[in-house]
Amino acid sequence: MELLEELRKFGVDIDEGLARMMGKTALYEKMLHKFSDRMEHSAVMDNFEKEDSEELIKETHTIKGMTGNLSLTPLYNAYSEIVRLLREDEPGQARKVFEEILPVQNDILSCIEKYKN
């Protein structure tokens with residue numbers, strides 16, 4: 001199974017993502033790989049542990065934007081909620097949403113990694 005078809009199983013809106021990349025599959029896949037590389041260095045969990053709300057909001061907002069641009073819909077929805085909760089000073093609820101989406105995020109990232117050249 002190819003990358004894009006496999007990502008559909010996780011709720012990724014491939015058609016929308018490709019439309020944002022002007023239908024260029026190679027560009028979309030390249031951007032997915034860049035996202036995966038970026039997520040290897042994500043400090044979301046560390047910032048939850050440190051209770052560093054400023055850095056946490058910055059990091060989750062960045063991820064929200066990346067997931068939105070790539071139409072990684074389940075991740076985008078979760079990170080949108082996390083950002084909202086953090087801005088409303090609800091870090092406990094934000095962490096809960098993060099922990100709930102983490103398995104899906106890991107599945108999506110594993111899928112992307114599997115197809116890296």
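Predicted model: local features only at pLDDT ≥ 70, side-chain atom pairs only at ≥ 80, totals over all residues.
Let's start with Met22, which counts as exposed because its relative accessibility is 63%, above the 50% cut-off for that label. You will find Met22 in the loop between helix 2 (14–20) and helix 3. Its backbone is worth a look too: phi of Met22 is near 55°, a positive value in a residue other than glycine. For background, most residues other than glycine have a negative phi.

Two packed helices are described by the angle between their axes and the distance between the axes. Helix 3 (residues 25–39) packs with helix 5 (residues 53–69) at an angle of about 165°, and their axes are 11 Å apart. That angle makes helix 3 roughly antiparallel to helix 5, because an angle over 145 degrees counts as roughly antiparallel. The crossing of the two helices is left-handed.

Which residues make the contact? Helix 3 brings Phe35, Arg38 and Met39, while helix 5 contributes Glu59, Thr62, Ile63, Met66 and Thr67.

Asp89 is not a glycine, yet has a positive phi of about 60°. Is Asp89 buried or exposed? With 62% relative accessibility, Asp89 counts as exposed.

Key: Residues numbered from 1 in each chain as written. Heavy atoms only, no water. Axes fitted to C-alpha atoms, helices over the stretch in contact; angles between N-to-C directions. Helix = DSSP H or I, 4+ residues; strand = E, 2+ residues; numbered from the N terminus. Parallel < 35°, antiparallel > 145°, perpendicular 65-115°, else oblique. Left-handed = near helix turned anticlockwise from the far one by under 90°. Contact = heavy atoms within 4.5 Å. Buried < 20%, exposed > 50% of the residue type's maximum accessible area, 1.4 Å probe, protein only.
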